[in-house]
Amino acid sequence: MDLLSNLGLGFATAASPENLLFCLIGVILGTLIGVLPGIGATATIAMLLPITFQLEPVSSLIMLAGIYYGAQYGGSTTAILINMPGESSSAVTAIDGYQMARQGKAGTALAVAALGSFFAGTVATLLVAIFAPPLTIIALKFGAAEYFSLMLLGLVSAIALAHGSILKALAMVVLGLLLGVVGTDIYTGTPRFTFGVTAYADGLNFVALAVGVFGIAEILRNLEGDQDRTVLGTKLGALWPSRSDLKAMFAPMVRGTALGSALGILPGGGAVLAAFASYTVEKRLSNTPEQFGKGAIAGVAGPESANNAGAQTSFIPLLTLGIPANPVMALMVGAMIIQGIVPGPNVATDQPALFWGIIASMWIGNLMLIVLNLPLIGLWVKLLKVPYHVLFPVIMAFCSIGVYSVNSNVYDLYAVAGFGLLGYVLLKLRCEPAPLLLGFVLGPLLEENLRRAMILGRGDPIVFVTRPISATLLVLTALVLVVVLMPSVNKKRAEVFSESD
Amino acid sequence: MALSVKLAAVAAAAVFASNSAFAEGYPDRSITMVVPFSAGGPTDTVGRLIAEKMSADLGQQIIVENVGGAGGTLGAGQVAGAEADGYTILLHHIGMATSATLYRNLAYKPLEAFEYVGLVTEVPMTLVARKDFEPTDLAGLITYVKENAETITMANAGIGAASHLCGMLFMQAVDAPIVTVPYKGTGPAMTELLGGQIDIMCDQTTNTAEQIKGGTIKAYAVTSSARLDIFPDLPTVAEGGLPGMEVSIWHGIYAPKGTPAEATDRLATALQNALADPDIAAKFAELGTKPSPAADATPAALKAKLESEIARWQPVIEKAGVYAD
């Protein structure tokens, strides 16, 4: 078996004491920076790049990869504890995770997130090992038309995310789309809605938007009350998931992993889309959809598994084609080049120890993360006992540092302040920020691919239905629309709505 | 961090031993090198490689700071407005010259806002196509493009990107209106080329070399004046019949206007020493390029290059009628 001997080589490489150490350093660093609000994997890897000069190529890449998936774990911690998603993909986790935390089930939510991530990480690593080349072929079949149809499906599904009125959810998606339009139009070079500020020429910063509408808005709301209290007035409750909790998370975890593995391969919004899609699917399949948005375990387990699976499979285009799927992968390319390895289609055959070593280290890293994180849950939860007047300035300080460190751009901080206010107003109006974020992330991709497909199709929209993958996705979109608009579903939604009011 | 501090200390000792003539004491603290593009990209890689070697020579750490956005004009603008004390420098590529025309209301004047340190490297470009594209050589491509201009698509990585500049030259050279398809960066453009969604592209060797070696895309020519060591069989554009298409993505180091000559000269010496290091040559070779010769790594050579390139690109961009503002 080729696969077995390859995996054997990989584990032999990854399990050398030195590489184990760097893997550990990577996942610890990743967890730490993920836990600090606003500071994401991109900024950290950028800051640590020079250090990797002195390391062996395999060790440095193992460490950087560790930071990446470690940050995914850590990012969900802040999303759950203080409603502050550090990465776009953990925005979904914040919806139900934070509600669980407010009900005193922070420990359960964190454990569910960690277990879901580990399961997804294990499965996705196996997928990368076995199916990397064929999966690449599928990713290459995705042209502009396919991406457009996929984004459309994602946006239509976003409406189901909301647990309030459809109209408000729609309004939030549209607002997100509009915010996504800010920046230079890549087809004509025209700046749009930048008000002459060149710092916004490349668009608004996602981290600034997420930290503002989720985190700052939540801080403002908390400050309305008594300032001496802790974040959560309630008791902390059990740290570990009960037997029934475990049962409730199993199916969402498996489905989330499948979705995440599939969508993670696609460059661009893959992992984010996976988390949102998983949430939509779980809510649709649930017997108790009214629980979603109020602390449903499935609403944490599904998206968390999906985003971790997506994070692993986003290595596939990098390893098999040498093409980065997201900014973190672009940094990995930089790290490889500095080490004298130019990523490309030949890495697997030219550098088998490196290729399989990284794959094996992903699984080892995930194992380390769960061993590391489960005992830490008690510690994280205790953080919530810190009086709020101490906690919130610290959160604000880390947010500011984190957001600034992404681009060294002071306008991003102004954006945080502005979006914080917007988020507070939206909170008062009972509008949810999650659909807004999805619109913001997917909007530019939707527009870009629509226009590109039209250019490639010489202005004929028939390309969207003559290409089989695109056509299938459009049919799915239509189905979702029908389901959302079906009278029985509408009635159900209305009940949910009146309950939540 | 501790390791790099130690390295810097060792290097500092070495510099003092060998170069006691340098009495001004510059540099006595770390230097910030602004790279006006995001971390991990080809320009950032060039910047980090050269910064590491120059640090060893200067005895002070050069810290790379990525200030991306607006085609590199944000980072360049920041350095233009920085204190001219020699502790803030800029690594920029050909975009310094093209931005003078592409951006009609730039906050700084590229020719007036900077002092010069020297050229770092000139990265050649390659004209490539999806692997099942019909033409087999450059002559065949030119004929094919002229006959089928309406059905051919050419990718680039956005307005002002290297691939866009090279694409403009190609279209003006063959005089055919090909449909151009912009992408956000070279990565997505390359993915679509690999997937056969688009036909041709012209991009830096840094991005294309491994794909060409792997046989996943087809190469027609290099845009340098001589053939490349890594592709001895690949003709130059001039050999293939397009002499006007020679283009390279040249990188230079700048300092804010008014930076003392002692500082820029010291930096130029460090740059020349770094470029002479065989390790840099080896790393640059991986990127499909080579270090600029010592004669080009001087303030005068970079100034001359910038002036001639602004003059060269102005008519090309104006004829194409595309602006990035």
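Residues are numbered from 1 along each chain as its sequence is written, and chains are lettered from A and ligands numbered from 1 in the order in which they are written. Local features of the predicted model need pLDDT of at least 70 and side-chain atom pairs count only at pLDDT 80 or more, whereas totals for chains, interfaces and linings use all residues.

Helices (H or I, at least four residues) and strands (E, at least two) are DSSP runs, numbered from the N terminus. Helix H16 of chain A covers residues 352-383. The expected span of a helix is 1.5 Å times one less than its number of residues.

Two packed helices are described by the angle between their axes and the distance between the axes. Axes are lines fitted to C-alpha atoms, for helices over the stretch in contact, and angles run from 0 to 180 degrees between N-to-C directions. Angles under 35 degrees count as roughly parallel, over 145 as roughly antiparallel, 65 to 115 as roughly perpendicular and the rest as oblique. A crossing is left-handed if the near helix is turned anticlockwise from the far one by less than a right angle, and right-handed if clockwise. Residues are in contact if their C-beta atoms, placed from the backbone, lie within 7 Å. Ala, Val, Leu, Ile, Met, Phe, Trp, Tyr, Cys and Pro count as nonpolar, Asp, Glu, Lys and Arg as charged, and the others, Gly among them, as polar.

In chain A, the axes of helix H4 (residues 57-82) and helix H12 (residues 298-313) come within 10 Å and cross at roughly 165°, so H4(A) is roughly antiparallel to H12(A). This crossing is right-handed. H4(A) contributes A:Tyr68, A:Tyr69, A:Gln72 and A:Ser76 to the contact, and H12(A) contributes A:Glu304, A:Asn307, A:Asn308 and A:Ala311. By class, these are 3 nonpolar, 4 polar and 1 charged residues.

H4(A) also packs with helix H3 (residues 41-48) of chain A, the axes coming within 9 Å and crossing at roughly 160°; H3(A) is therefore roughly antiparallel to H4(A). The crossing of H3(A) and H4(A) is right-handed. Here A:Ala41, A:Thr44 and A:Ile45 of H3(A) meet A:Leu64, A:Ile67, A:Tyr68 and A:Ala71 of H4(A), giving 6 nonpolar, 1 polar and no charged residues.

Helices H9 (residues 206-224) and H18 (residues 410-428) of chain A pack at about 55° with their axes 7 Å apart, so H9(A) is oblique to H18(A). Their crossing is right-handed. The residues in contact include A:Gly212 and A:Phe214 of H9(A) and A:Gly420 and A:Tyr424 of H18(A); by class, the contact has 15 nonpolar, 4 polar and 2 charged residues.

The contact between the chains takes 40 residues from chain A and 47 residues from chain B. On the side of chain A, helices H14 (327-338) and H19 (433-456) are the elements that give two or more residues, with the largest share, 7 residues, coming from H14(A). This side divides into 25 nonpolar, 11 polar and 4 charged residues.

Most residues other than glycine have a negative phi, and most peptide bonds are trans. A:Arg430, in the loop between H18 and H19 of chain A, has a positive phi near 60°. The peptide bond from B:Tyr26 to B:Pro27 is cis, with omega near -10°; B:Pro27 is placed in the loop between helix H1 (2-18) and strand S1 (31-35) of chain B.

Key:
Contact = placed C-beta atoms within 7 Å.
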